[in-house]
Amino acid sequence: MTTSQQPPFPPPEPPHGPGSGNGRGRGPGGGGHGPGPGNGHGHGPEGGQGHGTGGGHGHSHSHGPAAPVSKHLRKVIAAVLIPFAAAVVVGLAVFWPGGAPSHERTGVGFDRQTQQATVTKVDKVDCKSVNASGETPTGDTSTAEGSSAQQQANGTCKKATIRVDTGKDKGRTFTEIVQPDQSRQLHQGEKVVVAYEPSAPKDLQYSVTDVNRKFPMALLAGIFAVVVVVVGRMRGVMALIALAVSFLILTFFILPAILQGSNPLVVAVIGASAIMLIALYMCHGLSARTSVAVVGTLLSLVLIGVLGSVFIGWAALTGNTDDNTGLIHGLYPSIDMSGLLLAGVIIGSLGVLDDVTVTQTSAVWELHEANPTMGRRGLYRAGIRIGRDHIASVVNTLVLAYAGAALPLLLLFSIAQSSVGTVANSELVAEEIVRTLVGSIGLVASVPVTTALAALVVSADRPAIAAGPAEPSGVRTPVRGGKGRRRKR
């Protein structure tokens, strides 16, 4: 008799009787039975099933590899994550705000009433006739003010007529003078955003503050969504849903709760944890692999929170460095601005952390699938080699992202010819340095932590070979292959 050329495994359990009978055996793949006219059925951990008769015919049905994590380890993971998830739900319930507290508008920055409007007409006029500069230039063009005044006095200005399209004054028109050196020039038919100040004189109640960018921004968002769905398919759809949930948590929980006076750090930790759990499990499925990524992300966030708290306090960073943070502090003095800075560090690091931890966990899982005999040390060494490449690219990306966002500020320091030490010591730049370095340390630490967790979990359940009862002397049970081929004895 012949069988398929496969690694030998212990034979399945023989029939219980010498004659016809029924027997059930368990093996690593398909199943079979011993000699005789009995029938046998076998089920193995690979999901295969075998059926045979006395003639020795057998076949198997494979349904793919089984999950490499046992019930015991799943219980251990659940014992860690279920209480954590329950604590997040309780935190959401306790700190859930009733909405952002109201206040009287100051008319400064974003804190002013706005309406939509359209530029209906643009006429060119002499700047002198409309007194755009307000005064005759002194002739000194060495300064920015003198140069601007010279252009306004001798150049050609624009007189734009703007129609208000929304609000109680819908249909009302007003005019605005656009100076020749103004960065934003208005054009006929252009959609704009206008600010409304009811306490000002009627002719000065409306002024153009920005361009209406809703259509191009919505179009770009639509293109992004289409690309994600076309390439990612169902995963892409789930990623978009998770993104929407993240924005909902940020808009309806984190921001209003901070405005209501709750501790920004506590609110950020609860909100970031909720986003992490929803996004990871929604995008990657409810599995042990995702759970390991969740634990790795959580540990890294704890490290980022501790380091951020220590160095923000040590460096005496107040978090009040520009007009926007100054306005927030003026409207809501009870908000801890340094805590708000730390909350921003945690939330900002979460997105990149998810990418690192999921990638490292998947890499270890795939290495185990490729070589199930590899132990935890081998898996860790192979996974950490992948992680080192990931570290190099992620840290560089993070630093460049912060540098790109602060490029105008860095340009100002370059124009002022300030030394590197002076630039780094200023609070505005020191804040970004602490944010970048603390986030980068957390990202780097997440690689070995997540890789070690994944290697420990996945190697703890290498498929065991079930030991069947001893084979009767003088009887050799053929090992069934998936295709029923037999080997000569």
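Colleague: Hi! Where does Ala316 lie?
Modeller: Ala316 sits in the loop between helix 6 and helix 7 (323-331). Helices (H or I, at least four residues) and strands (E, at least two) are DSSP runs, numbered from the N terminus. Keep in mind that this is a predicted model: local features need pLDDT of at least 70, side-chain atom pairs count only at pLDDT 80 or more, and totals for chains, interfaces and linings use all residues. Residues are numbered from 1 along each chain as its sequence is written, and side-chain values use heavy atoms, with hydrogens and water left out.

Colleague: Thanks. What is the phi of Ala316, positive or negative?
Modeller: Positive, about 55°, although Ala316 is not a glycine. Most residues other than glycine have a negative phi.

Colleague: And is Ala316 buried or exposed?
Modeller: Ala316 counts as exposed because its relative accessibility is 56%. The cut-offs are under 20% relative accessible area for buried, over 50% for exposed and partly exposed in between, with a 1.4 Å probe and protein chains only.

Colleague: Which other residue has a positive phi and is not glycine?
Modeller: Arg233 is one, with phi near 55°. Arg233 has its place in helix 4, and at 65% relative accessibility it counts as exposed.

Colleague: Let's zoom out. How many helices and strands does the protein chain have?
Modeller: There are 12 helices and nine strands in the protein chain. The chain has 489 residues, and 35% of them count as buried. Among its contacts (heavy atoms within 4.5 Å) with a separation of 6 or more, 65% are between residues 24 or more positions apart.

Colleague: How many residues are in the largest nonpolar core?
Modeller: It has 56 residues, and those with the most contacts inside it are Met276, Val294 and Trp365. By nonpolar core I mean a set of buried Ala, Val, Leu, Ile, Met, Phe, Trp, Tyr and Cys residues joined through side-chain atoms within 4.5 Å.

Colleague: Which helices each supply at least two residues of this core?
Modeller: Helix 1 (71-95), helix 4 (214-259), helix 5 (264-284), helix 6 (288-314), helix 8 (337-370), helix 9 (376-405) and helix 12 (427-459). The largest share, 11 residues, comes from helix 8. Apart from this core lies another one of 13 residues, with Phe174, Val194, Tyr206 and Val208 among them.

Colleague: On to packing. At what angle do helix 5 and helix 6 pack?
Modeller: The angle is about 155°, and the axes are 10 Å apart. Axes are lines fitted to C-alpha atoms, for helices over the stretch in contact, and angles run from 0 to 180 degrees between N-to-C directions. Helix 5 and helix 6 are therefore roughly antiparallel; angles over 145 degrees get that label, while under 35 counts as roughly parallel, 65 to 115 as roughly perpendicular and the rest as oblique.

Colleague: Is the crossing of helix 5 and helix 6 right-handed or left-handed?
Modeller: The crossing of helix 5 and helix 6 is right-handed. A crossing gets that name if the near helix is turned clockwise from the far one by less than a right angle, and is left-handed if anticlockwise.

Colleague: Which residues make the contact?
Modeller: Helix 5 brings Met276, Leu277, Leu280, Tyr281 and His284, and helix 6 brings Thr290, Ser291, Ala293, Val294, Thr297, Leu298 and Leu301. By class, that gives eight nonpolar, four polar and no charged residues. Here Ala, Val, Leu, Ile, Met, Phe, Trp, Tyr, Cys and Pro count as nonpolar, Asp, Glu, Lys and Arg as charged, and the others, Gly among them, as polar.

Colleague: How far apart are the axes of helix 6 and helix 8?
Modeller: They are 8 Å apart, at an angle of about 150°. Helix 6 passes helix 8 in a right-handed crossing, and the contact residues divide into 14 nonpolar, 11 polar and three charged.

Colleague: Which helix is Thr357 found in?
Modeller: Thr357 is in helix 8. Thr357 is buried, with a relative accessible area of 0%.

Colleague: What does Thr357 touch?
Modeller: Not counting residues up to four places away in sequence, Thr357 touches Ala293, Gly296, Thr297, Ser446 and Thr450. Thr450 is 93 residues from Thr357 along the chain, yet their C-alpha atoms are separated by 6.0 Å.
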